[in-house]
Amino acid sequence: MTEIIIVLVKIIFAMMWFLVLTLYLTWAERKESAVMQDRVGANRANIMGVRILGLFQPLADAIKMFFKEDFTPPFSKRFLHNLAPFISFFFSLVTVATIPFGDVLRIGGKTIRLQILDLNIAILFVFAMLSLTIYGVVISGWASNSRWTLLGGLRGAAQLISYEVALGLSLIGLVMVFPTLKFSAFVEYQGGLLFGWLPKWGIFLQPLGFLIFFIAAMAESERVPFDLPEGESEIVGFFTEYGGLKWGLYMFTDFMKLLLISCLLTTFFFGGYHLPWLYADGFHFPWGGTWLLPHGIVVLFQVLAFNLKVFFFCWMQILIRWTYPRFRYDQLMDFGWKLLIPLSLFNIIATAVILKILG
Amino acid sequence: MALCQKYNLPYKMQEFLFFILAIICVGAVLAMILTKNPAYSALWLVLAFLGIAGIFGLLDAPFIAAIQIIIYAGAIMVLFIFVIMMIDVRKGLSPEKKKWTLFLSGFLGLVLLFELITAATGVFSQLKTVGTENIGSPAGLGRLLFTDFLYPFEITSVLIIAALVGAIVLAKKKENE
């Protein structure tokens with residue numbers, strides 16, 4: 001019974017973390033873009049005159065979206081049109097189950113892994129769920145029964161499928177270095193040291209794999225350099241016929257994918273919850289000297305380290321989104337098929353050769 | 001079954017899940033055959049694939065379950081739906097063609113049924129022995145594919161490449177005309 005309660009609490013915490021952070025990513029995006037463009041950004045939303053940097057803005061947006069009319073175009077295929085946003089949203093949200101937020105926490109004789117589901121095939125699970133989000137895009141484009149949304153949906157599906165190939169191939173090198181598909185094992189492998197001082201993070205072992213994964217993952221999130229499926233301003237995207245909360249779900253899914261990518265990058269390439277030189281009993285510095293810490297503090301440090309890394313990647317992706325112009329469609333396809341996929345194949349071969357040489 | 005022993009679950013629960021998934025699979029496939037609109041049929045087939053992935057999961061073969069979703073539901077069916085939605089097949093076949101296709105599909109259906117029966121009778125005796133560790137683990141599957149079944153594996157991939165190249169050649173020819 002207690003185990004079921006523990007799992008439920010973990011699910012609730014992880015989902016709260018995911019959804020609240022996603023909500024505040026919208027605020028972060030507005031603020032960061034404003035700073036980059038020398039503007040003030042969203043700062044008006046207030047509760048009784050208190051407006052802390054406009055931190056209430058996402059709540060105001062949410063309330064606005066809730067009270068908008070939920071309009072389904074009469075010419076649309078009603079059931080699928082209503083279903084589509086939930087497909088995207090659900091399958092993006094489910095992936096949070098595999099993310100390790102920290103190592104085990106020991107309370108009152110119980111060891112709790114700070115991860116909802118430690119799947120043996122976690123990577124494949126995440127890919128499977130991501131590949132199912134494509135249906136949200138395709139179905140919404142088709143069910144809206146307008147040729148422009150249909151084209152948008154097909155553009156989106158083609159892009160997502162193309163970059164999924166590069167995304168999968170870029171990780172094979174990493175799987176060769178850390179022979180596992182389990183997220184917790186990935187992170188444990190990265191806890192070691194290279195040359196006695198450098199943390200054994202994925203990025204130091206697989207720099208090319210990291211670059212390819214990062215780019216392909218950004219294409220999966222459908223944000224600006226890769227936002228051809230949506231094309232908010234000029235080209236008509238797949239969710240043009242949506243309004244109110246259902247449109248909001250699509251926007252939310254984008255930000256959720258941004259956050260998910262940050263989590264995956266952290267887990268795969270930046271040591272997950274590891275701080276350099278922090279072990280289960282405290283810090284052991286490579287220049288000698290130790291700083292022993294109680295178990296609770298170590299776990300706290302781990303969770304904070306994970307969050308910090310995730311925030312860094314969120315910041316980075318928003319930075320990229322507001323820096324680059326959009327790809328043209330043929331450039332996008334060329335980039336994916338002719339550059340990223342051959343590079344990731346090269347990465348696999350190079351990794352195999354190096355592993356063989358090192359024995 | 002295997003999963004019950006591994007996680008110490010009551011056997012009834014597994015049975016219950018199996019029947020739910022089986023109903024989803026069979027229902028979705030029936031709906032696929034019976035719906036007129038090909039786009040809806042394709043979506044029903046996706047649901048059937050998801051159900052099959054669930055059954056693989058029940059058999060303690062999560063790797064095959066994930067691959068089932070990634071390859072069939074996530075990639076192949078998306079491309080099928082892609083084409084179906086693009087060309088928007090509304091009109092049925094002409095009556096003369098319909099006779100022919102009815103005959104042909106009946107014949108092919110019978111051949112397929114015969115093939116399935118011969119294939120299935122060979123493994124009926126082994127039905128109780130599913131769920132060894134090798135089925136579940138990616139490492140075991142990979143080892144089998146690259147040692148015992150290397151030739152069939154490579155021949156299959158050559159076949160698929162041939163089909164791909166053939167499709168590209170056919171598409172190119174039309175462009176030139």
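Throughout these legends, a residue is called buried when its relative accessible area is under 20%, exposed when it is over 50%, and partly exposed in between, as judged with a 1.4 Å probe and protein chains only. The structure is a predicted model, in which local features need pLDDT of at least 70 and side-chain atom pairs count only at pLDDT 80 or more, whereas totals for chains, interfaces and linings use all residues. Residues are numbered from 1 along each chain as its sequence is written, chains are lettered from A and ligands numbered from 1 in the order in which they are written, and side-chain values use heavy atoms, with hydrogens and water left out.

**View 1. Overall make-up of chain B.**
By the stated cut-off, 22% of the 177 residues of chain B count as buried. Chain B contains eight helices and zero strands, where helices (H or I, at least four residues) and strands (E, at least two) are DSSP runs numbered from the N terminus; read along the sequence, the pattern is α-α-α-α-α-α-α-α. Where contact means heavy atoms within 4.5 Å, 55% of the contacts in chain B between residues at least 6 apart in sequence join residues at least 24 apart.

**View 2. The nonpolar patch on chain B and its member B:Val165.**
On the surface, B:Tyr151, B:Ile155, B:Leu159, B:Ile160, B:Ile161, B:Leu164, B:Val165 and B:Val169 form a nonpolar patch that has about 850 Å² of accessible area together. Patches are made of residues with over 30% relative accessible area and no salt bridge, with like charges joined within 9 Å and nonpolar side chains (Val, Leu, Ile, Met, Phe, Trp, Tyr) joined within 5 Å. Helix H8 of chain B, residues 150–176, holds B:Val165, which counts as partly exposed because its relative accessibility is 46%.

**View 3. B:Val29 in helix H2 of chain B.**
B:Val29 belongs to helix H2 (residues 11–34) of chain B and is partly exposed, since its relative accessible area is 33%. From C-alpha to C-alpha, B:Val29 and B:Leu47 are 8.4 Å apart in space, while 18 residues apart in sequence.

**View 4. The interface between chain A and chain B.**
The size of an interface is often given as the accessible area lost when the parts come together. Here chain A and chain B bury about 1900 Å² between them, with 84% of it on carbon and sulfur atoms; buried area is the accessible area (1.4 Å probe) that two parts lose on being put together, summed over both. In chain A, the residues that lose the most area to chain B are A:Tyr135, A:Trp142 and A:Leu154, which together make up 31% of what that side buries. In all, 19 residues of chain A are in contact with 23 residues of chain B. Between the two chains there are zero salt bridges, a salt bridge being a side-chain nitrogen of Lys or Arg within 4 Å of a carboxyl oxygen of Asp or Glu. One residue pair (both at pLDDT 80 or more) is in polar contact between chain A and chain B. A polar contact is a pair of N or O atoms within 3.5 Å; within protein, one must be able to donate a hydrogen and the other to accept it, and residues adjacent in sequence count only if both atoms are side-chain atoms. On the side of chain A that touches chain B, helix H4 (122–143) and helix H5 (147–177) of chain A are the elements that give two or more residues, and H4(A) gives the most, with 10 residues.

**View 5. A:Ser170 in helix H5 of chain A.**
A:Ser170 lies within helix H5 of chain A and is buried, because its relative accessible area is 0%. The A:Ser170 side chain reaches the backbone oxygen of A:Leu167 at 2.9 Å. Not counting residues up to four places away in sequence, A:Ser170 touches A:Gly209, A:Ile212, A:Phe213, A:Ser344 and A:Asn347.

Most residues other than glycine have a negative phi. A:Asp38, although not a glycine, has a positive phi of about 60 degrees, and A:Leu53 likewise has a positive value, near 55 degrees. A:Asp38 is placed in the loop between helix H1 (2–36) and H2 of chain A, and A:Leu53 is found in the loop between H1 and H2 of chain A. A:Asp38 is exposed, with a relative accessible area of 72%, and A:Leu53 is exposed at 56%.

Key. Accessible areas come from the Shrake-Rupley method with a 1.4 Å probe; for residues, only the protein chains shown count as cover.
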